[in-house]
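Hi,

Here is the structure I promised to pass on.

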Amino acid sequence: MKLILLGAPGAGKGTVAKMLTAIDGSVQISTGDILRGEVQAGSDLGKQAEEFMKKGDLVPDSLIMGIMEKRLQQPDCAKGFLLDGFPRTIPQAEALKELLAKLSIKLDMVVSIDVPRDVILDRLTTRRTCSNSDCQAIYNVKSQPPKQEGICDKCGSPVIQRDDETVEAISHRLETYNQKTAPLVGFYEKEGLLKSITGTSSDVVVNAIKSELGL
Ligand code: ADP
Ligand code: ZN
């Protein structure tokens, strides 16, 4: 499957994407995970992205498009991909449209995951992420804690609260989402690709996507 997952931070894009990869071997492509990996590795790209990310600002479109142009041409994308956290702005969506045309790739659908704001806020403040950039498993101190406190079940690395998950950075990210990313819903509606799903449970969202795709 070739999907874009849209939704506010905390809507569950990452969780849904991980569940979908198990169905048909499509790969999850999270620009946030890629960027955090670059920051951890101390690469040039990471250095350019770091300050924007800490504040909860978007990283410049040109950096993101450079990442995605390379990523979408890697062989593991042939089976399918789930774009999680990209595109995030209208210029990114337009550039992606051109890139996909150039690579002769056709999207199946753009899924907008709609979750009420109070649920989002609660989830983001209680969210914890594995600090290992190759893992980045997601936990929640209330609903899904790791088996051993502070330690990732999958890889044993420390589980941490992200720098951009302070209350200030979170409200800034949500504001940025409303201003810059929410307009993508209209963009993809016009393209005839949009499917909106309201659901606070990732299982419900995954099942709705499966039935929409006839899986
Ligand atoms: P969330 O969806 O929980 O906000 P992500 O992990 O997707 O978080 O992204 C974390 C940060 O990485 C964003 O706040 C932003 O700074 C940067 N980022 C990720 N994807 C993009 C993108 N497509 N365009 C610009 N910045 C991005
Ligand atoms: Zn881990």
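A word on terms before the notes: a cavity here is a set of grid points where a 1.4 Å probe fits but cannot get out, and its volume is the space filled by probe spheres set on those points. Please also keep in mind that this is a predicted model.

With that in hand, the search of the whole structure turned up one cavity of 30 Å³ or more. The largest cavity holds about 70 Å³ of space. Its lining is made up of L5, L6, G7, A8, P9, K13, G85, F86, P87, R88, Y177 and T181. Two elements, strand 1 (2–6) and helix 7 (167–181), each give two or more residues to that lining. Sorted by class, the lining has seven nonpolar, three polar and two charged residues.

P87 sits in the loop between strand 3 (81–84) and helix 5 (90–102). Another backbone detail is at S104, which is not a glycine and yet has a positive phi of about 55 degrees. You will find S104 in the loop between helix 5 and strand 4 (109–114). For context, most peptide bonds are trans, and most residues other than glycine have a negative phi.

Now to the ligand. Ligand 1 is surrounded by 19 residues, and the closest are T31, D57, Q92, R127 and R173. Helix 2 (residues 31–41) gives the most to this shell, with four residues. By class, the shell has seven nonpolar, four polar and eight charged residues.

- An N or O atom in the T31 side chain is 2.7 Å from a nitrogen atom of ligand 1.
- A polar backbone atom of D57 is 2.6 Å from an oxygen atom of ligand 1.

On its own, ligand 1 has 550 Å² of accessible area, and the protein covers 97% of that.

Finally, the overall picture. The protein has nine helices and eight strands. Its C-alpha trace spans about 45 × 40 × 35 Å along the principal axes. The radius of gyration is 16 Å, which agrees with the value near 17 Å that a compact globule of 215 residues would have.

Best wishes

Note on methods. Residues are numbered from 1 along each chain as its sequence is written. Chains are lettered from A and ligands numbered from 1 in the order in which they are written. This is a predicted model: local features need pLDDT of at least 70, side-chain atom pairs count only at pLDDT 80 or more; totals for chains, interfaces and linings use all residues. Side-chain values use heavy atoms; hydrogens and water are left out. On a 1 Å grid over the protein atoms alone, a cavity is a set of points where a 1.4 Å probe fits but cannot get out, and a pocket is an open set with protein on both sides within 12 Å along at least five of seven lines; lining residues have an atom within 4 Å of a point. Ala, Val, Leu, Ile, Met, Phe, Trp, Tyr, Cys and Pro count as nonpolar, Asp, Glu, Lys and Arg as charged, and the others, Gly among them, as polar. A residue is near a molecule or strand if one of its heavy atoms lies within 4 Å of it. A polar contact is a pair of N or O atoms within 3.5 Å; within protein, one must be able to donate a hydrogen and the other to accept it, and residues adjacent in sequence count only if both atoms are side-chain atoms. Accessible areas come from the Shrake-Rupley method with a 1.4 Å probe; for residues, only the protein chains shown count as cover. The radius of gyration is taken over C-alpha atoms; the globule rule is 2.2 Å times the number of residues to the power 0.38.
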